[in-house]
Amino acid sequence: MKSLPLFKAVDSLSLTPATARRLLHLLVGLFVLCLFCACVLYLWSKVNSGVSCQRRLMNDAASEMHLYFGQRQMLLERLGSLVVRDPALPKRALDPHRQLPRYQRQWVALGEARSAWGVMLSGRDLADLDRLRAGLLYVRGGKRPLVSYLHGRFERRSMLPDTVLDALVLKTPGADEEALWLAAPHDPLQRVYLFLAVRRDDEAIWLGLELRGSDLSLALTSRFGGAHVLLDAVRRVVLGGGGASVDGLDACIGSEDAFGFCGNGLLPQFLILTKAVGPSGWRLSYYLPLASLLSPYWLTLVGCLLFWGGVALVVLVLAWRVDKRLIRPARMQLRDLLQHDEFLRTTLEVAPVALCLLRCSDATVVLENRLARQWLGQGGGRHSESIRWIELARRALIEPNSMEVQSANGCILQLNFVFTRYKGEEVLFCACSDISARKQTERALREAREALACTRESKRLFLSAMNRGVQAPLSRMLDFLACLCTAGLDRQQRSSLESMQRSLLNLQHLLNDIHSVSQLEDGRVVLESREFSPSALLRDIALAHAPAAHGKGVDLYVCCAPDIPEKLYGDATLMRQVLDNFLDNAVKFTDDGFIALRVRVREVGGGRQVVWQVSDTGCGIPAEQQPELFQPFFQVSGKDMAASDGSGLGLTISHYLVQLLGGTLEVVSERGLGSSFAMCLPMQCPMDKPGVALAALSPVPVFVRCRPGDLRDALAGWLQRQGIQPRSWQAGRSSGAVLLECLLLGDRPLADRDWRGPRVIAGVQWSDGANMGGNVRQVSLYDLAAIGQAVRSAQELVVHGDLPICYPS
């Protein structure tokens with residue numbers, strides 16, 4: 001339980017990018033330190049293993065030397081037990097040039113030949129002396145010491161050193177005296193002597209073995225290749241080797257056996273093993289300088305340092321990349337987030353709407369701006385209002401999340417709310433906007449709309465009443481003027497009567513247009529779509545406007561594309577009203593040339609459109625006036641343009657009607673070249689007649705003679721669709737063919753001598769059906785069905801041979 005505050009403190013810490021950077025640096029430092037410690041431990045284990053190996057070698061060498069000296073001391077003791085004092089025994093000196101058999105014994109005198117002391121040596125004893133490379137000598141003390149070399153090669157310069165002899169003279173052996181080890185301090189041969197006191201009848205002599213230093217050095221280095229030193233009882237160096245200075249070993253070699261590091265400085269200088277040798281207090285030390293001990297591990301040390309440095313460098317680079325790729329961007333994002341938070345707080349504070357956060361658990365205001373405090377107040381009723389808002393918001397999960405409330409100062413507020421989370425808690429975010437002015441505006445607009453509706457209704461009633469009240473007198477006046485035209489009037493009276501008639505007609509048209517615009521604006525025009533024939537619609541429209549056009553000397557013809565279906569679906573009445581307005585303007589503003597009424601199909605996007613086009617060669621419309629063409633009561637004006645007696649509502653009505661039909665209007669016009677008005681409507685065909693039906697092909701060709709090229713091409717395509725083979729007319733060809741002549745104003749048919757076969761004459765002056773008498777069929781140029789029927793009838797005459805075929809002379 002005592003650790004809970006610590007966990008709470010740790011849990012309350014926020015891991016910012018700066019903290020993450022410090023934590024990253026700490027982790028990198030700890031990792032590098034741990035890696036360094038691991039490398040040190042690895043190197044220490046290697047060095048410790050090397051020290052253990054050196055200790056084992058030193059112990060083996062020391063044990064070998066103990067065995068070495070033990071063998072020689074045991075040989076000396078055995079030889080000492082063979083010393084006898086008996087003057088009666090025959091004694092003689094050993095012959096160095098004669099080898100004694102192994103089991104043969106010989107008494108050897110100690111000292112002079114007549115000496116009472118002697119030793120019984122066998123061939124085996126002499127072989128052991130040679131094998132152990134030891135020399136046997138005899139020393140008798142006293143005032144006149146005597147040294148006798150019994151066995152071994154003793155050179156003149158290898159006589160017993162004086163210091164050794166003095167030590168033996170001064171030494172008084174005891175009853176249980178062990179072997180005495182002696183050595184000369186400055187002996188060039190570095191010899192070591194082992195002496196054993198032999199007492200017989202209270203008289204003492206010394207029997208000794210001489211060991212040369214070269215043999216000792218060879219034995220000392222047989223197991224351990226390092227340095228060694230052999231000290232006597234007074235700490236003098238008897239024998240040393242290995243090339244290392246022994247000055248630093250004085251403080252390291254003690255009286256007890258020991259192993260370890262030693263040295264005079266802060267760092268150890270040697271790894272040393274000290275052992276006691278022999279009964280005289282001699283010390284044998286094997287040592288190894290620290291540099292020699294560590295020399296095999298320099299590569300390991302360098303490898304560990306390189307490994308540690310490489311891994312540390314890699315970790316540092318990774319930490320740098322983590323800092324660069326993660327921590328620095330996070331730090332910048334945190335800075336931007338803090339700035340964004342400050343910006344949002346500032347924005348919320350100065351926002352033109354009231355914003356507040358309500359905690360859903362206790363309806364406490366968590367955050368609010370200035371307008372929220374101003375509009376919603378700070379009194380005790382605010383808490384109950386917050387509770388009501390939260391309850392309404394919970395019920396509004398399946399309803400619109402907005403409502404209207406009234407503020408403390410009486411303003412009407414539009415409240416929008418949504419549930420969200422803020423600092424780990426569920427909150428309700430509320431946005432309130434003052435809609436008092438909007439409510440007043442809506443009320444004013446509603447009143448204005450009601451007033452406008454009343455005005456429109458009054459205008460509709462007025463226009464309807466005026467139309468009914470004026471149309472009847474106008475009709476009676478027009479009928480009266482028509483009756484007057486039949487009376488006998490002179491030229492001036494007739495001109496005045498016609499002027500009055502035109503004025504009344506213009507007035508009637510104006511009233512009709514105003515009534516139509518009113519109906520379109522009020523939305524009282526309803527589409528009545530039904531099936532209709534596009535060729536029949538073109539025929540009726542052209543026949544209705546042909547007299548006016550022909551009266552001005554203007555050609556009017558119809559071009560129907562061959563890919564137009566036989567039946568379309570739509571409101572043909574509204575389409576005709578639009579085309580009537582186009583043709584009225586074309587006839588009105590065209591004084592010379594032609595007027596063409598065309599219909600074709602074009603691909604637009606993924607669908608098809610039917611384009612109804614009226615083109616003329618009139619005066620054209622200036623480019624600066626074209627954007628205002630569809631404005632009510634607008635009329636084109638110009639210097640060389642005559643004043644029009646129209647109302648200026650025709651194109652406006654057409655624009656409304658095309659929009660109602662779901663299409664668009666396209667206008668192309670240039671001053672002095674004419675105009676083109678096109679009504680583009682979506683193509684709709686009856687379900688049972690989706691496309692164009694092709695008739696059976698007839699073998700009789702038909703020559704088409706027509707002045708306008710587009711009319712000739714349209715008729716050729718129409719005839720080909722009906723199974724007729726159209727060809728361009730050539731003079732002199734009348735055998736087995738039919739001639740189709742299209743006559744406009746001023747065109748004359750071919751003479752009989754130029755074509756004697758069956759012919760079909762399509763002219764603009766015939767409007768009622770077709771005349772089928774004789775070889776010649778006369779039909780209206782606007783009736784495509786009649787033209788096709790007449791051509792078929794003429795082809796039957798050729799096929800059945802009812803008429804003689806004549807060739808021109």
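Q: What is the bridge partner of Val 610 in strand 25?
A: The partner of Val 610 in strand 25 is Leu 681. The model is a predicted one, in which local features need pLDDT of at least 70 and side-chain atom pairs count only at pLDDT 80 or more, while totals for chains, interfaces and linings use all residues. Residues are numbered from 1 along each chain as its sequence is written, and side-chain values use heavy atoms, with hydrogens and water left out.

Q: What makes strand 23 and strand 25 a pair?
A: Two strands pair if DSSP finds at least two bridges between them. Strand 23 (residues 607-616) and strand 25 (residues 674-682) are joined by eight bridges and run antiparallel. Another of the bridges links Ser 615 to Ser 676 in strand 25.

Q: How many bridges pair strand 22 with strand 23, and in which sense?
A: There are 10 bridges, in the antiparallel sense. Ala 596 stands opposite Ser 615 of strand 23. The two strands form a hairpin with two residues between them, and Gly 605 in the turn has a positive phi of about 65°. Strands here are DSSP runs of E, at least two residues long, and helices are runs of H or I, at least four residues long, both numbered from the N terminus.

Q: What is the strand order of the open sheet with mixed pairing?
A: Its five strands follow the order 20-22-23-25-24. Strand 20 (555-560) and strand 24 (664-670) each have a single partner strand, so one side of each lacks a neighbour in the sheet, and these two stand at the edges. On average, neighbouring strands are turned by 20° against each other, direction ignored.

Q: Which strands does helix 13 touch where it packs on the sheet?
A: Helix 13 (residues 572-589) touches strand 20, strand 22 (594-604), strand 23, strand 24 and strand 25. Contact means heavy atoms within 4.5 Å. The direction of helix 13 makes about 30° with that of strand 23; axes are lines fitted to C-alpha atoms, for helices over the stretch in contact, and angles run from 0 to 180 degrees between N-to-C directions. Helix 15 (residues 709-721) also packs on the sheet, touching strand 20 and strand 22, at about 35° to the direction of strand 20.

Q: Why does Gln 609 count as buried?
A: Buried means under 20% relative accessible area, exposed over 50%, and partly exposed in between (1.4 Å probe, protein chains only). Gln 609 has 18% relative accessibility and therefore counts as buried. Gln 609 lies in strand 23, where eight of the 10 residues are buried. Leaving aside neighbours within four places in sequence, the contacts of Gln 609 include Arg 600, Val 604, Cys 680 and Leu 681.

Q: Where does helix 12 bend, and by how much?
A: Helix 12 bends by about 40° at His 545, and Pro 547 follows within four residues. The bend at a residue is the angle between axes fitted to the seven residues ending there and the seven starting there. Among the buried residues of helix 12 are Leu 537, Leu 538, Ile 541, Ala 542 and His 545. After the helix comes Gly 553, with a positive phi near 75°.

Q: What makes strand 13 largely enclosed by the rest of the structure?
A: Seven of the eight residues of strand 13 (residues 282-289) are buried, so the strand is largely enclosed. Strand 12 (residues 270-277) joins strand 13 through eight bridges and runs antiparallel to it, with Leu 273 partnered by Tyr 286. Strand 9 (residues 227-231) also pairs with strand 13 in the antiparallel sense, over five bridges.
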